[in-house]
Amino acid sequence: MAEPQTPQRDTTAQAAPSRRHVLAATAATAATAAGGAAITLSAAGTAGAAEGSVRPATGSPTTPIGPEDPRYLSLTQRGCNARFIGKPDYFRVVHSTAEVVDAVQQAVRQDKRIAVRSGGHCFEDFVDHPDIKAVIDMSPMREISYDAERRAFCVEPGAQLAEVYRELFIGWGVTIPAGATAEVGIGGHVVGGGYGVMSRRDGVSVDHLHALEVVVVDKDGTARAVIAERDPDSPHHDLWWAHTGAGGGNFGVVTRYWFRTPGARGDDPTKLLPKAPASFLAFRAGWTWKDLDARDFKTLMRNHGQWCERNSDPDSPYASLFSVLMVNTTQAAGSGAVLAGVIDAAVPGARRLADDYIAAVGRGVGAEPTIRRPPLSWLNALTSITDTRSSPFKVKSAYLRKTYTDRQLDVLHEHLRPSDDPAKRISGTLWLVAYGGAARKVAPDATAVAQRDSILKAVYMAGWDAETQDGARETEWVRSLYRGVYADSGGVPVPGAVSDGAFINYPDADLDDPEQNTSGVPWYTLYYKDNYPRLQRVKAKYDPRDEFRHRLSIRPAR
């Protein structure tokens, strides 16, 4: 699954309900260069343009869209997090690599801070910060095709995950392990590592990233496009490596991704990426708060963590099972603790594996859960969770290597159990998302994703109604929860025996705040661990002017 998101319909029975679905529910109830050679393009260039693409009937698609344009307001509100709405001098809506090069070049000449938007799912103000003056909107760049020359699938960054899944599956029966929310753009998702429903079986998205095209800015201010490849002998291999988990807005603008599984042989495209399942066996088990006292809550959480400790190796019979344990603060029907997940229906004994998993998590809990097992086709499961409405929220994250300690479980229970006073209730939730499996097959320095032996991703969230709340209580609630859980390590998940840092695709500017992070461990260690110095060297080489930057961007090596 991916970037937790808030659809308007009930999707709790599906593979991985979106992050913002939970928030909404709680708020409602309270030219390819061979060998990596550089391509230097100008506004008149055509390399990278989609063949047969259609331009608007009037006007130029590269014309800056400023505040006087009727399109400007809609473009400012494309971000999923209504906590931030930017006011750049202009947007450039681009359709090709050539147009991206031109847009970057113009911004550099004008000395304007640049930001890039594909799907619009950044959780912090990296695109909507007041200092950002030029936003490059890549939403029209959505082509998905098979590149016979590279023997890889080419995907443009504006393509949404639902489109990627549909095209790869209908055309060739293959897939990539990526997120579950249909409207997430693949652009920012992949560069942060990318994970989802198939990651325990197939690894993370970047484990299948063969090459990418990146528009960078040289020391003299010249914008150009280069091809960076997985092949260690290719000229821009380090730039490829930096895009396998460092997150967006660091080195340049990715205009194309090529996917092929390492070691895949031959010219048959149906054998170059993982096969998609025909269908899933889905499951949903729920416990309400009235059935969960402190003892039962801790038993449930401990059972879940210990099961993940036992069953997160690549050769586990549960490697094809993906789940999310969601605990939310509301007292509405169906709220409390919900264990939702899927397993490939073709796995031998899939029904038994799912039932044994639910039983293991619920063992010793006083109340029996309500259980549903809806069948889901591949496309139904992966393309129906939408994210149409923007709402404000605050998100924090952590990787878990072991289950929570008893002290941490006490903190979780204190914060998550709904208050008896309706006036004090918060729209908050904790997600514990299954990890491990095939993600563990890759060494922590083979890609920029350093947290390879974790068992869970923890996502701490609070959302609010922008019309009636300012978010101060909700933001402090999630900060207090996070500080309490990680009180033994300075309020943050310092890599160690239990925790393993945080996930850059769920960025949290608090990690760079000494009042919130008292550990003495810098934010970049929490995200990148020992990989950060290499990322700094890549930054210095490919973005020596620091044109692409935000509050948590890679700092160039001195």
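**View 1. Arginine 295 is partly exposed, at 48% relative accessibility.** Partly exposed lies between buried (under 20% relative accessible area) and exposed (over 50%), using a 1.4 Å probe and protein chains only. The model is predicted: local features need pLDDT of at least 70, side-chain atom pairs count only at pLDDT 80 or more, and totals for chains, interfaces and linings use all residues. Residues are numbered from 1 along each chain as its sequence is written, and side-chain values use heavy atoms, leaving out hydrogens and water. Arginine 295 meets aspartate 296 in a salt bridge, 2.4 Å from N to O. A salt bridge puts a side-chain nitrogen of Lys or Arg within 4 Å of a carboxyl oxygen of Asp or Glu. Aspartate 296 is buried, at 6%.

**View 2. Glutamate 124 forms a salt bridge with lysine 394.** Their closest N and O atoms are 2.9 Å apart. The partners sit 270 residues apart, with glutamate 124 in the loop between strands S2 and S3, and lysine 394 in strand S14. Strands are DSSP runs (E, at least two residues), numbered from the N terminus. Both residues are buried. They belong to a network of salt bridges that also includes Asp125 and Arg551.

**View 3. Glutamate 229 forms a salt bridge with arginine 150.** The closest N and O atoms are 2.8 Å apart. Glutamate 229 is buried at 12% relative accessibility. Arginine 150 is buried too, at 10%.

**View 4. Cysteine 122 is partly exposed, at 27% relative accessibility.** The whole structure has zero disulfides, a disulfide being two cysteine sulfur atoms within 2.5 Å. For cysteine 122, the nearest cysteine sulfur belongs to cysteine 80, 8.3 Å away.

Technical notes:
Helices (H or I, at least four residues) and strands (E, at least two) are DSSP runs, numbered from the N terminus.
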